[in-house]
Amino acid sequence: MSTAMLATDRPAVPDCEIFCRVVDNLGDIGVCWRLARDLATRGLGVRLWVDGWATLVGLCPPAADGACVAGVELRRWTEPFPDAVPARLVIEAFACDVPPRHLEAMAAREPKPAWLNLEYLSAEDWVAGCHGMASPHPRLPLTKRFFFPGFVPGTGGLVQESGLVDARRAFQADPAARAALFAALGVAPAPDALVVSLFAYGHGQLAGLLDAWAAGPRPVCLLVPEGRMADALATACGRSALAPGEGLQRGALDIRVLPFTDQDGYDRLLWACDLNFVRGEDSFVRAQWAARALVWQIYRQQEDAHHVKLDAFMARYTAGLDADVAAALRRFWRAWNEVAETEGGAPETPAACWPAFAAALPRLAAHAREWSAELEALPDLAQALAKFLEPAVKC
């Protein structure tokens, strides 16, 4: 990173701005908030436009419109859209459209801002070929480029904050740090327990998996953030609700509901667990940086388009694994995503697939560390975005 990016004086006009619409859940805003913070720590002036203000303040300290939090200027995306001088780099996240009023202002600016559409993450083979493709505006003298995050060279990479991997390694090398985190959460896993975090959209076969864990040979300490998944767990266990701090013991299964945490706290939880169930995009990427075994629940799409994306990542992630380990992972992940192994067949249940997956966990843990190291060697998302601001700045 050049010394220009370390300047303490912020320009009146930010270097980059990100537009984010909160569709549902926490995925879109989770990615955008992490990215905005990462760019700011690298010395860039960053403005983040968000329409779902209540969701944003669940991830960061409450702030007023226009406040600066973690080096990021936070702005409400309202209608009518307020007057604002466009940044030198304008990012519309996940196909949300820059407001027409702001587009007009971008077209009037000299030099014209770089304009990117930050796409959803995918491991499909075509992504690298489409990364950076140009799309001229039909009326204005502006050109938008499609920017694809990814897992291979030739894509935009992943959000990887400076020092993230070193911090994770230091935490995982220090048993006292893990013990302190669990103590702060009011959790005391048995010494031989498999510690599992569960963050998901919900699952019709959850009760069966809980039964399998409860009847299994190894203690399982299940940590669930408050919210939708904790409610689903309560229902599966025949309870009306489980509040943060509450627990439930069922045979070998110890369930603990955790209070909602910020993104940094969630990262440490992922680092501390042996197995992480994650969903969507943001938690999915963070689980990969955690270098722990994981299970991904992909966001459902119409006409089962998500099945292709799931298979594409599994193929890339399991490349080089022993055939039996790869098969156990694919079988459990497909069951967790309710995808049938054969066309026209019924999906297997996670409970039925759990014994083989559990047996593969030691080798999957080693693989997760190797996978994280491979990703670390690639340029990260902030570096790739900063290229559109050259030659003024470099990450």
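Residues are numbered from 1 along each chain as its sequence is written, and side-chain values use heavy atoms, with hydrogens and water left out. In this predicted model, local features need pLDDT of at least 70 and side-chain atom pairs count only at pLDDT 80 or more, while totals for chains, interfaces and linings use all residues.

**Exercise 1.** Classify the aromatic pair of phenylalanine 151 and tryptophan 371, and locate both residues.

*Solution.* Begin with the rule: rings of Phe, Tyr and Trp (its six-membered ring) pair if their centres lie within 6.5 Å; planes under 30 degrees apart count as stacked, over 60 as edge-to-face and the rest as tilted. A search of the whole structure gives 28 aromatic pairs. For phenylalanine 151 and tryptophan 371, the centres are 6.1 Å apart and the planes are at 45°, a tilted pair. Phenylalanine 151 is in the loop between strand S8 (143–147) and helix H5 (164–172), and tryptophan 371 is in helix H13 (residues 350–376), 220 residues apart. Helices (H or I, at least four residues) and strands (E, at least two) are DSSP runs, numbered from the N terminus. Both phenylalanine 151 and tryptophan 371 are buried, where buried means under 20% relative accessible area, exposed over 50% and partly exposed in between (1.4 Å probe, protein chains only).

**Exercise 2.** Classify the pair of phenylalanine 277 and tryptophan 336.

*Solution.* The ring centres of phenylalanine 277 and tryptophan 336 are 5.1 Å apart with planes at 70°, so the pair is edge-to-face. Since phenylalanine 277 belongs to strand S13 (residues 275–279) and tryptophan 336 to helix H12 (residues 323–336), the pair ties together parts 59 residues apart in sequence. Phenylalanine 277 and tryptophan 336 are buried.

**Exercise 3.** Describe the open sheet of eight strands and identify its edge strands.

*Solution.* Two strands pair if DSSP finds at least two bridges between them. The strand order is S3-S4-S2-S1-S5-S6-S8-S7, with mixed pairing. Strand S3 (68–69) and strand S7 (134–136) are the edge strands, each pairing on one side only. S7 pairs with S8 in the antiparallel sense over three bridges, and proline 136 stands opposite threonine 143 in S8.
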